[in-house]
Amino acid sequence: MIAQHPDRDQILLENVLSALGNPLRLRIVRVLAHGGEQSCGSILDGVSKSTLTHHWRVLRDSGVIWQRPSGRENLLSLRREDLDARFPGLLDALLNAVESGSPDAAPAGASATATRAPAAT
């Protein structure tokens, strides 16, 4: 049984940002943004099923993805319409930052401030 998805008006910015603050979950969202609905087993290779299940739950509970059963697996899709209605431009800004490799989208384990030039004194 899949837990209840939050209604559009229940999607909170702090939950979305927390969910997308994880590099693996951000990668999942990027795949869904470019590939549309995907089966849960086809999105990422080399990650354990239990780890993926945890990340699906975080993304679903924060209102970032839809998860629906289809036979023996679940299909995942990005809640782009709901996210764009609640937080216009947020999803596009995050995806563009990741794809452009901007300093604000530092790789996992790297500090975003470490990639910027030091302030002049």
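## Salt bridges and a helix crossing

The count of salt bridges comes to nine. The model is a predicted one.

| Pair | N to O distance | Placement |
|---|---|---|
| Glu-81 and Arg-8 | 3.4 Å | helix 4 and the segment before helix 1 (13–20) |
| Asp-61 and Arg-57 | 3.8 Å | helix 3 (residues 49–62) |
| Arg-80 and Asp-84 | 3.8 Å | helix 4 |

**Pairs inside a helix.** Asp-61 and Arg-57 sit four residues apart in helix 3, about one turn of the helix. Asp-61 has a relative accessible area of 38%, so it is partly exposed. Arg-57 is partly exposed too, with a value of 38%. In helix 4, Arg-80 and Asp-84 are likewise four residues apart, about one turn. Arg-80 counts as partly exposed at 27% relative accessibility. Asp-84 is partly exposed at 26%. Salt bridges with shared partners join Arg-8, Arg-79, Glu-81 and Asp-82 into one network.

The side chains of Glu-81 and Arg-8 form a salt bridge. This pair links distant parts of the chain, 73 residues apart. Arg-8 is partly exposed, at 33%.

**Asp-82.** This residue lies in helix 4 (residues 80–86). Which side chain does the side chain of Asp-82 meet in a polar contact? The partner is Arg-8, at 2.7 Å. Beyond its neighbours within four places in sequence, Asp-82 is in contact with Arg-8, Ile-11 and Trp-66.

**Helix 2 against helix 5.** Two packed helices are described by the angle and the distance between their axes. How do helix 2 and helix 5 cross? The axes of helix 2 (residues 23–35) and helix 5 (residues 90–100) come within 11 Å, and the crossing angle is roughly 105°. Angles of 65 to 115 degrees count as roughly perpendicular, so helix 2 is roughly perpendicular to helix 5. Helix 2 contributes Leu-26, Val-29, Arg-30, Ala-33 and His-34 to the contact. Helix 5 contributes Leu-91, Leu-95, Val-98 and Glu-99. By class, this contact has six nonpolar residues, one polar and two charged.

Terms used. Residues are numbered from 1 along each chain as its sequence is written. This is a predicted model: local features need pLDDT of at least 70, side-chain atom pairs count only at pLDDT 80 or more; totals for chains, interfaces and linings use all residues. Side-chain values use heavy atoms; hydrogens and water are left out. Axes are lines fitted to C-alpha atoms, for helices over the stretch in contact, and angles run from 0 to 180 degrees between N-to-C directions. Helices (H or I, at least four residues) and strands (E, at least two) are DSSP runs, numbered from the N terminus. Angles under 35 degrees count as roughly parallel, over 145 as roughly antiparallel, 65 to 115 as roughly perpendicular and the rest as oblique. Contact means heavy atoms within 4.5 Å. Ala, Val, Leu, Ile, Met, Phe, Trp, Tyr, Cys and Pro count as nonpolar, Asp, Glu, Lys and Arg as charged, and the others, Gly among them, as polar. A polar contact is a pair of N or O atoms within 3.5 Å; within protein, one must be able to donate a hydrogen and the other to accept it, and residues adjacent in sequence count only if both atoms are side-chain atoms. A salt bridge is a side-chain nitrogen of Lys or Arg within 4 Å of a carboxyl oxygen of Asp or Glu. Buried means under 20% relative accessible area, exposed over 50%, partly exposed in between (1.4 Å probe, protein chains only).
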